[in-house]
Structure formats: C-alpha cells, structure tokens
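Take a look at the structure below. This report walks through a few of its strands, helices and loops.

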Amino acid sequence: MTTTDTHCPYCSLQCGMRLSGRPPQAVEVLERPDFPVNRGVLCGKGRTAAAVLSRSARLTAPLVRDGGALREASWDEALERVARGLAAAGERVGVFGGGGLTNEKAYLLGKFARVVLRTPHIDYNGRFCMSSAAAAHRKAFGIDRGLPFPLEDVSRTDCLVLVGANPAETMPPALRHLRELRENGGTLIVVDPRRTKTAELADLHLQPVPGTDLALALGLLHLVVAGGLTDPEFIAERTSGFEGARAAAMAHWPERVEGITGVPAAAMREAAETFARARTGMVLTARGPEQQSKGVDTVGAWINLALATGKAGRPLSGYGCLTGQGNGQGGREHGQKADQLPGYRAIDDPAAREHVARVWGVDPADLPGPGRSAYELLDGLGQPDGVRALLLMGSNPVVSAPRAAHVERRLRSLDFLAVSDLVLSETAALADVVLPSAQWAEETGTTTNLEGRVILRRKAVDAPEGVRTDLAVLRELAARLGTDKGFPDDPEEAFDELRRASAGGRADYAGISYRRIAEEDGVFWPCPDEDHPGTPRLFLDRFATPDGRARFAAVSHRPAAEEPDADYPLYLTTGRVAAQYQSGAQTRRVAALNRAAPGPFVEIHPHLADRLGVADGDALAVSSRRGRALAPARITDTIRPDTVFMPFHWGGEGRANALTNPALDPTSKMPEFKVCAVRVEAVR
C-alpha cells in the first residue's frame, strides 16, 4: 500500500496525517502518530479531509462569464481574459489572498502584485484573524510568532489563562494539552462570554460581557499590583514601561471592572492570585479579545499580566496567540499583507526594500508603498478611488467579511473579478473568470503552524485533468503580462527564493530547506543558516526589541464601537463549530460534516427565549444596523442572558457576517467581529 505523510488542510495545528490510495479509488486518511503536535489524533474535519478531493465536490474546468452566466472554457481563454481584465484596470488593480495559501503561494502572490501589477493594493483574509495579536506581539516583544514555544509546553505549565478561545471546537486535537495540564496538577482559567466545551474543562470560568476583555485584564493587573504579587526583579531587568501600565491598571479597581464586565470581583481575585502565585504560567488569546476595534490594546493588556508576574521569556511561561487559519502564521510573514515584504519586513523600510528588490532583480524605487488593509480594500472596490479589477485567491469574503452584504455589493460593482479556488464558493460565483486550483493533497508546499514550525505538505495524488496549481496560474499570468521570469511553478524553487528574500528579516527562513523539514518533522523559525538548529523557544535570553526588553502597554478600557441600545438591545458574538471551518467553502461539501452541523443557528439564553415566546428550533430573525439573518433558535443556559451567538460558516439568509460591525482597530485594522448590537425577533 502506497502512503504519503502530509498535513491536514484546515486549522493552524497543521496536524500530521497519512494518505493512502489514488483516485479514482477513494483516498483514505490515516493516523500519523509520530508528528508531535497531534500524535495521530485527528478531528472530524481532518478525518474527512479527503472527501473534498472528489471530482463531484470541486471545480475541474475554468469558468468564464458570458451573457450573465458562467460557462466552461479552455485555460487559454480563461487566462487571457484574466490578463486583459487586470491590465485594463491600470493602477486600479488589486489582489486579495488567503491565510490558507502555502508559504510559496503567499510569497509569489505578493511578488506578483508588486512586480507584475506594480500595485500597492494587496491584502488577505488573515487580516481578519490574527492581526491584532500580531501587532501587540510586535509592540511588546519585537517579533510576532503565534506561540513562542512548542504546543507541548502548554501541558507542563502551572497555570494557563485562555482568553476568548474554544479549542474544543476550533482545534480539537489540541484539547489533550489542556487535559494533560490538569492531570499534571496545573490550573486552567478560561475567559469567554459562553460556557463552551473548553470552559467546561476549566477550574475557573470568567464570563464577561462581550467586548470587555480589556477591562478584565486591567482589573486583574490592578489586583496583582495591589496584592504585591508582581515580580519586581523581572520587571526591572527584562522590561520597560511598567509605570505607565501600572498607572492605567490602578484606575480599574475590581468593583469598577465588575460593573463593566459582569465578572464578580471575587472571581477576579481568585484568578489574579492563582495566576500570580503559580511558579510558571501562560496567557493564550484567540479571536475573542482580538477581533475587536480595540484588539491590539486588549491583547497588550493581557501581555501586561504575563510580564508583571514574570511569566514571559522563561521556560514554560509566556504569552501566545492561538493562530486560526492553516497558514495563518506563514501567510502573514512573506508579503501578501498591504504593509509588508517577505521575512516580516516593513514595506516602507528602505533597507528592506533594497534587500527584497535585489532578490527580485528590480529597482527598489519601482516597488509600490503600503496599500489598504483588507476591509478598507474591499470597502473601496468599484468606488471612484478604489480598485476596479481584483484577483482573489483562496478566500470567500462574501461569507467571511464583516458587513458581508455590503462587501458582496462592492464585489458586484467591479469591472472585473477573477477568483482562483478549488470550489465554486459564494464569492467565486460572482466572478467573471473562475480558475480551478489544485488543493492540499495534489501539490507540495510548506505552511507554518501556530508554533512557528515550518512543515511540508507533500503531494499524494494527481489533480483532476483541467485543474492547475496556483503557482502555475501566477507563472502564466505573469508571462501574459510581460514578466517571463521570476515566477517558478516548482514549489521547492519558489521556497528557495523565499528563503533568500526572508534572510535577515524577523521571520528568517534562510536555513530552512525541504530536506531539513522532511528530516526534522518541521523546523522552527527564525533559522538564519543551515547549521542553525531552529528556534523552538523564543525570548529565553532576550526579547527581540532593540534593547532586549519587553515593553508594557499603557492602555485603558474603552467600550466597543457599538453598544446595545433601545433599538438593538442585545450583544451578538460570533464563532465556529467543530464540524465546519471558516466560511465553509470546503467543509459544507462533506456529507459527514453537514450531518454534524447542517446549518446556522442562534444560541440564546432561556430567559430571552421566554421573553420572545420561542421554543428550541423556532425561527428567529437577528437584525443589526447592517443587515438581517434568519436561523433557528438553540436555547441554552451556557450563554449570557444579554448575548446571542451565531456561527459564521454559512452564506444565504443565515449569514452571520451580514450583521457584524466593520469598525476597525486603529493599529491592526481588525474589524470588530466579536461584538455588535442586535435585535432578535421570533419569525411567526
């Protein structure tokens, strides 16, 4: 039996798996116990991942729009239409990428935008996922890597504070680390407005009002300072800015914070004392505190808690972000962000521009400057000062973007839209040209998981006839637009160029090769040369700031951009369920996953259900100032009475992101997905 060791196409764990079989026979997913992140454990999405390889589940020929409808076309016709459509827009051409693209694709997509199209207008859907944590990470530590330690360290820390994360549903194989933590005598504190499956494992669950995580973090730091529980030696030797953070925290006394968050002061005291007195401890955040219009400050406040108690830059301690998308980490390192060049370099840094331009063989002066962030780019589509033609690769913003109905209208207003995807997503259905792309098991490429471990997805099966890789598409388009060289369709060749472009940058991959990844089961960046062992654990000697010190953030609470009022009296928060993934473009095509999670729902508290006069399963209309969604009620006492929850995996009338608020964090440009004001009504 022929088998191929590879990795799951879904979340940032990038679980190891083994594939057996060749089409037209069924491809089987097998366990791969030797990969350290998941040790063979797979969730339902991973176990059924091969189902999307079926011809019936995906695109197998290019589509072009004629007379209002899409029809099949040859690759030559489709590529020529794309080249003409992009060229016709001149300077008003844009590119939108995805956090699921491999490192090689993300790298060459950024290069394509800047070298071939010469446009600053490029960003990607990862802006909607980790950008607030990334910005806070850079401010505090000088570098952004989701986890500064391997995931296996989590089970060995003494106290873990998990903020706005539900790995029981978003990354189930990681749950064993939480169970092992408790088996080892550690304490788990979960912060979430819902009593999720993860929160049910906790020793202490703090259930704040949505959008008040910043106040809660400040209140905990207040208690640590007032209780004499800081680590003065660590603060003096390894940090700066404590006095400003201390002053801000002292304005957030427990009773004030209880009034803001709804979390009892006694529970806050228990959490603060437990974390501060623990010998080692970690704070991990996810989308809950990050997807807010104050997400960077909120994450900064949670980092402050770790720094003040000496729980950073030491073994089994630190702050980390649970990255979401499969290549959410690598996708934000190598150039598909509006303000970035490969290696996590700033696009407005002259030295960075000179280095990358030398690798690309172009004049630094010809590289465009920073562009607009993801929502700003989408919001401007088709407008007088916005992009008129867009190449979109591996993203589905019609479902995943905030204020999604508005974004859909903007996409429809374009002069030209080309989409490269493996399925006909809701966004692809709007396109003038759809290019069918190969997927995870049909091509080789690297991704970087939440630990900063660069891993290798290996090709296991051939793509159906009529399907091409995204690298081949970029090479063909570059040639048709006048650039014959510099866009290899061989992934290893592309990766070797990425290594040169990243050399000397914060995310330095220079010493990482396909051979090393295969031999070592992944290599942690930074890895500046081939003799370097990689860096599984960051900051043990110094932080990556110029003076080697971590920086406190002097931040204060402020309310969400939109609070409930008489017209919209409830909070809405959104998230994921275990059997679906992101916009559902792949998972909604898998029968077993649809049986487990067949459609959207509205989670409401029994008190709200009584006021509305509805029973479980009754139809509800949820309205915000931006739109309306319809879905059945799911009545549960695990949610706050003032809050409703909707998963965001579906389009159509149950589209949760028709409701969400695009108010942006001023630093990260993260939209406020996690809190907005809504009205809920029974549909009779």
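The model shown here is predicted. Strand β1 (residues 3-7) pairs with β2 in the antiparallel sense, over 5 bridges. Thr3 has Ser20 of β2 as its bridge partner.

Strand β2 (residues 16-20) has another partner as well. It is joined by 4 bridges to strand β3 (residues 28-31), and these two run antiparallel. Here Arg18 stands opposite Leu30 in β3. Strand β2 is mostly covered, with 4 of its 5 residues buried. Strands of a sheet pair through backbone hydrogen bonds, either parallel or antiparallel.

## The whole protein

The protein holds 22 helices and 30 strands. Its radius of gyration is 24 Å, close to the 26 Å that the globule rule gives for 684 residues, so the protein is as compact as a globular protein of that length. The C-alpha atoms fill a box of roughly 70 × 65 × 55 Å along the principal axes.

Buried residues make up 66% of the 684 residues. Among contacts with a separation of 6 or more, 73% are between residues 24 or more positions apart. The accessible surface comes to about 22600 Å², and carbon and sulfur atoms account for 47% of it. The side chains include 82 positive and 85 negative ones, and the centres of the two sets lie 1 Å apart.

## A covered helix and a buried serine

Which residues of helix α17 are buried? They are Ala404, Ala405, His406, Val407, Glu408, Arg410 and Leu411. That is 7 of the 9 residues in α17 (residues 404-412), so the helix counts as mostly covered under the 20% cut-off for relative accessible area. These buried residues pack against α15 (374-379), β16 (389-393), α16 (397-400) and β17.

Strand β17 (residues 416-421) contains Ser420. Is Ser420 buried or exposed? Its relative accessible area is 2%, so Ser420 is buried. Leaving out residues up to four places away in sequence, Ser420 touches Leu392, Met393, Gly394, Leu435, Ser437 and Asp470.

## An open sheet of three strands

Another sheet has 3 strands. It is open, its order is β19-β20-β21, and the pairing is antiparallel. The edges are β19 (445-448) and β21 (523-524); each has a single partner strand, so one side of each is left without a neighbour in the sheet.

Strand β20 (residues 453-457) and β21 run antiparallel and are joined by 2 bridges. Val454 stands opposite Val523 in β21.

Most residues other than glycine have a negative phi, and most peptide bonds are trans.

A cis peptide bond joins Trp525 and Pro526, with omega about 0°. Pro526 lies in the loop between β21 and β22 (550-551). Next comes Tyr344, whose phi is positive, near 65°. Tyr344 is found in the loop between β14 (340-341) and β15 (345-346). Its relative accessibility is 12%, so Tyr344 counts as buried.

Lys669 also has a positive phi, near 65°. Its place is the loop between β28 (661-664) and β29 (671-672). Lys669 is partly exposed, because its relative accessible area is 26%.

Key. Residues are numbered from 1 along each chain as its sequence is written. This is a predicted model: local features need pLDDT of at least 70, side-chain atom pairs count only at pLDDT 80 or more; totals for chains, interfaces and linings use all residues. Side-chain values use heavy atoms; hydrogens and water are left out. Buried means under 20% relative accessible area, exposed over 50%, partly exposed in between (1.4 Å probe, protein chains only). Contact means heavy atoms within 4.5 Å. The radius of gyration is taken over C-alpha atoms; the globule rule is 2.2 Å times the number of residues to the power 0.38. Accessible areas come from the Shrake-Rupley method with a 1.4 Å probe; for residues, only the protein chains shown count as cover. Lys and Arg count as positive and Asp and Glu as negative; His and the chain ends are not counted. The place of a charge is taken as NZ of Lys, CZ of Arg, CG of Asp or CD of Glu. Two strands pair if DSSP finds at least two bridges between them.
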